[in-house]
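Reader: I would like to learn how to read a model like this one, step by step. Could you show me the structure and then take my questions in turn?

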Amino acid sequence: MGDQGMCQLSRMEMAQKAIYRPWPGHQDHRISQLRIVLIGKTGGGKSATGNSILGEKAFKSGISSKSVTKSCEKKCSVWNGSELVVVDTPGIFDTEVQDADTQKEIARCVLLTSPGPHVLVLVVPLGRYTVEEQKATRKVLQMFGDSARSFMILLFTRKDDLDSIDFQDYLKEAPEGIQELVAKFHHRYCAFNNKATGAEQEAQRVELMTLVQQVVRENGGRYFTNKMYRRAEEEIQHQVLAVQERYRAALEREKAQIREEYERKIRHLESELERERRKAQMERTLEETESVYALRQQSARVEVENQSWIIELIVKALNVASLFFHLFMDD
Ligand SMILES: Nc1nc2c(ncn2[C@@H]2O[C@H](COP(=O)(O)OP(=O)(O)O)[C@@H](O)[C@H]2O)c(=O)[nH]1
Ligand SMILES: [Mg+2]
């Protein structure tokens, strides 16, 4: 079992409750879920931002090598009646290197945010926006392609480094690289102090979530997708169908067994009343078995997402489709 299905329980819990559809034409036919993925260069403050969004220390964050995010991670909470899924990534989208480990991580990120993220949060640290940092940001933007722009929010970290300067005032005098970015994102940006607590933390969280909601609304409830996500989704669906087919066959086998056992037991019974009693018992057992399998069918997707082999299958599917070569740009 992998740890990619961290949100399994809450998803199941939410599926059992009546979940409202937050916006008309919501394309996600699964339960109402808001998927956010944090992207940007290592050390920019992605994990710290994830913690600020969730309001708890869910992701490891820090400067020591021990706290550097090495693998994509998914954490969930509930926001405004929707399941909020936050996926933290290591700096995988800012690299030219497409080695096996990077491919696996990208596949993992795609799986954790499948069938696609509603919002991509590009995390950039204020005051430290070096040339190297600029290059990395450009790479990330290029990687996701122009079609991803309408799903992106620019989030500056280290707002506390501005001391008491007002963020809007700072922007007027900000380095060219920062100005350039802000211009690209129009009004879709915000700044976080990830060291903030209490009311300040809550206020910036609300500010971001308001932006998130705005992005989702502007996109008509659609999530970001591209060839890569679609190909991965095909593979996931393929596996889900296989699992469901296995359960269907297993249910038929079990039902046949139950009937056979019943026939064997009543064969020598004389009393009609007793036969009827046993028959009613059998019907109950059949119904119970059916409902157990119905639940298994429903959670087939979660089951597939939790299998460690699904990542390898996605990597393979993406390689077969040459998508790792073209990457996200190819939408
Ligand atoms: N002062 C300050 N430090 C921050 C802020 N955001 C992140 N950091 C620090 O920057 C370092 C890198 O953050 P981390 O979340 O691990 O970055 P990641 O590699 O992008 O996940 C950590 O030491 C954080 O404590 C912020 O808003 N203010
Ligand atoms: Mg990190």
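Predicted model: local features only at pLDDT ≥ 70, side-chain atom pairs only at ≥ 80, totals over all residues.

Reader: Which residues come nearest to ligand 1?
Author: A residue is near a molecule if one of its heavy atoms lies within 4 Å of it. There are 19 residues around ligand 1, and those that come nearest are Gly43, Lys46, Ala48, Asp160 and Asn194.

Reader: Which helix gives the most to the shell around ligand 1?
Author: Helices here are DSSP runs (H or I, at least four residues), as strands are (E, at least two), and they are numbered from the N terminus. With three residues in the shell around ligand 1, the helix that gives the most is α2 (residues 46–54).

Reader: What percentage of the accessible area of ligand 1 does the protein cover?
Author: A polar contact is a pair of N or O atoms within 3.5 Å; within protein, one must be able to donate a hydrogen and the other to accept it, and residues adjacent in sequence count only if both atoms are side-chain atoms. A backbone N or O atom of Lys46 lies 2.8 Å from an oxygen atom of ligand 1, a backbone N or O atom of Gly62 lies 3.0 Å from an oxygen atom of the ligand, and a polar side-chain atom of Lys195 lies 2.8 Å from an oxygen atom of ligand 1. Accessible areas come from the Shrake-Rupley method with a 1.4 Å probe, and of the 580 Å² that ligand 1 has on its own, the protein covers 92%.

Reader: Is Glu105 buried or exposed?
Author: Glu105 is found in helix α3 (residues 100–112), and its side chain makes a polar contact with the side chain of Ser71 at 3.0 Å. Buried means under 20% relative accessible area, exposed over 50%, and partly exposed in between (1.4 Å probe, protein chains only). Because Glu105 has a relative accessible area of 11%, this residue is buried.

Reader: With which side chain does the side chain of Ser32 make a polar contact?
Author: Ser32 lies in the loop between α1 (8–16) and β1 (33–39), and at 3% relative accessibility this residue counts as buried. At 2.9 Å, the side chain of Ser32 makes a polar contact with the side chain of Ser82.

Reader: What distance separates the C-alpha atoms of Ala317 and Ala107?
Author: Ala317 is found in helix α11 (residues 309–320), where it counts as buried at 4% relative accessibility. Although Ala317 and Ala107 are 210 residues apart along the chain, their C-alpha atoms are separated by 9.9 Å.

Reader: What distance separates the C-alpha atoms of Leu286 and Ile258?
Author: Leu286 has its place in helix α9 (residues 272–298), and at 5% relative accessibility it counts as buried. Leu286 and Ile258 are 28 residues apart along the chain, and their C-alpha atoms are separated by 7.2 Å.

Reader: Is the peptide bond from Ser114 to Pro115 cis or trans?
Author: Pro115 is found in the loop between α3 and β4 (119–125). The omega angle of the bond from Ser114 to Pro115 is near 0 degrees, and this peptide bond is cis.

Reader: What is the phi of His186 near, in degrees?
Author: His186 has its place in the loop between α6 (176–185) and β6 (189–191), and with a relative accessible area of 56% this residue is exposed. Its phi is a positive value in a residue other than glycine, near 50 degrees.

Note on methods:
Residues numbered from 1 in each chain as written. Chains lettered and ligands numbered in written order. Heavy atoms only, no water.
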